[in-house]
Amino acid sequence: MHQKLTKKLFKLFTGELTATIMFGGVWLLFLRMHEWANPYFTSFPPLYAFLFLEFLLLQGSYYWYLKWRQAKHRDFTILPDYHLKFFRILKRVNLFLIGVGFIILIYESINHSKAYYWTLFLYLFALAEYINYYNIRLSYQSVDEMKDFLRHRKLRRSKLAEELKQLKAISQ
């Protein structure tokens with residue numbers, strides 16, 4: 001059981017980190033291969049949405065790294081308070097960045113920007129990642145997880161959200 005959990009957490013941590021690196025590499029490769037895209041894909045709105053997505057993926061990677069490190073030492077408790085307080089601060093920063101992104105999207109739609117749909121896609125992707133980490137679990141990776149989801153027919157709170165809720169309960 002311990003080895004299976006440690007392996008799963010390692011895959012989550014490295015998967016998120018790999019996605020972060022790969023998305024950055026694909027972005028740069030695309031810009032290099034398609035010079036016509038530079039004015040659209042490097043303007044502030046899509047760059048903002050992309051960097052916000054990367055920021056969220058790094059947060060997810062860091063969370064799973066911490067959980068993996070705990071599991072390696074057979075510690076199956078919630079993260080220490082100082083880590084959870086850090087994630088609580090990140091959650092607030094993310095909410096601010098979501099608000100800024102929403103304003104940018106409105107501005108882009110009013111100005112009929114050519115990069116609007118790309119910005120919208122990246123922003124919605126980042127929003128989905130935020131929800132997946134800080135609210136409701138949106139990703140189900142194994143067959144057993146999918147069966148459990150279908151059996152209960154409801155979305156579960158994410159692991160980080162559960163731990164942040166416990167921090168809130170402890171501090172009250």
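Modeller: The account below begins with the chain as a whole and then turns to one helix and its surroundings.

This is a predicted model, in which local features need pLDDT of at least 70 and side-chain atom pairs count only at pLDDT 80 or more, while totals for chains, interfaces and linings use all residues. Residues are numbered from 1 along each chain as its sequence is written, and side-chain values use heavy atoms, with hydrogens and water left out.

The protein chain holds 7 helices and 0 strands; these terms denote DSSP runs numbered from the N terminus, with at least four residues of H or I for a helix and at least two of E for a strand. Of its 172 residues, 37% count as buried, where buried means under 20% relative accessible area, exposed over 50%, and partly exposed in between, with a 1.4 Å probe and protein chains only. The accessible surface comes to about 11,200 Å², and 67% of it belongs to carbon and sulfur atoms; such areas come from the Shrake-Rupley method with a 1.4 Å probe, and for residues only the protein chains shown count as cover. Among contacts (heavy atoms within 4.5 Å) between residues at least 6 apart in sequence, 68% join residues at least 24 apart.

Two packed helices are described by the angle between their axes and the distance between the axes. Here, axes are lines fitted to C-alpha atoms, for helices over the stretch in contact, and angles run from 0 to 180 degrees between N-to-C directions.

Helix 3 packs against helix 5 (residues 116-134) at an angle of about 20°, the axes being 8 Å apart. The two are therefore roughly parallel, a description for angles under 35 degrees; over 145 counts as roughly antiparallel, 65 to 115 as roughly perpendicular, and the rest as oblique. Helix 3 passes helix 5 in a left-handed crossing, meaning that the near helix is turned anticlockwise from the far one by less than a right angle, whereas clockwise would be right-handed. The residues of helix 3 that meet helix 5 include A49, F50 and L53, and those of helix 5 include W118, L122 and Y130. W118 counts as partly exposed, because its relative accessibility is 29%.

With helix 4 (81-110), helix 3 packs at an angle of about 160°, and the axes are 10 Å apart. Helix 3 is therefore roughly antiparallel to helix 4. Among the residues making this contact are Y48, F55 and Y63 of helix 3, and F86, L90 and I104 of helix 4. This crossing, too, is left-handed.

The loop between helix 3 and helix 4 contains R74. R74 counts as exposed, because its relative accessibility is 57%. Its phi is near 60°, a positive value in a residue other than glycine.
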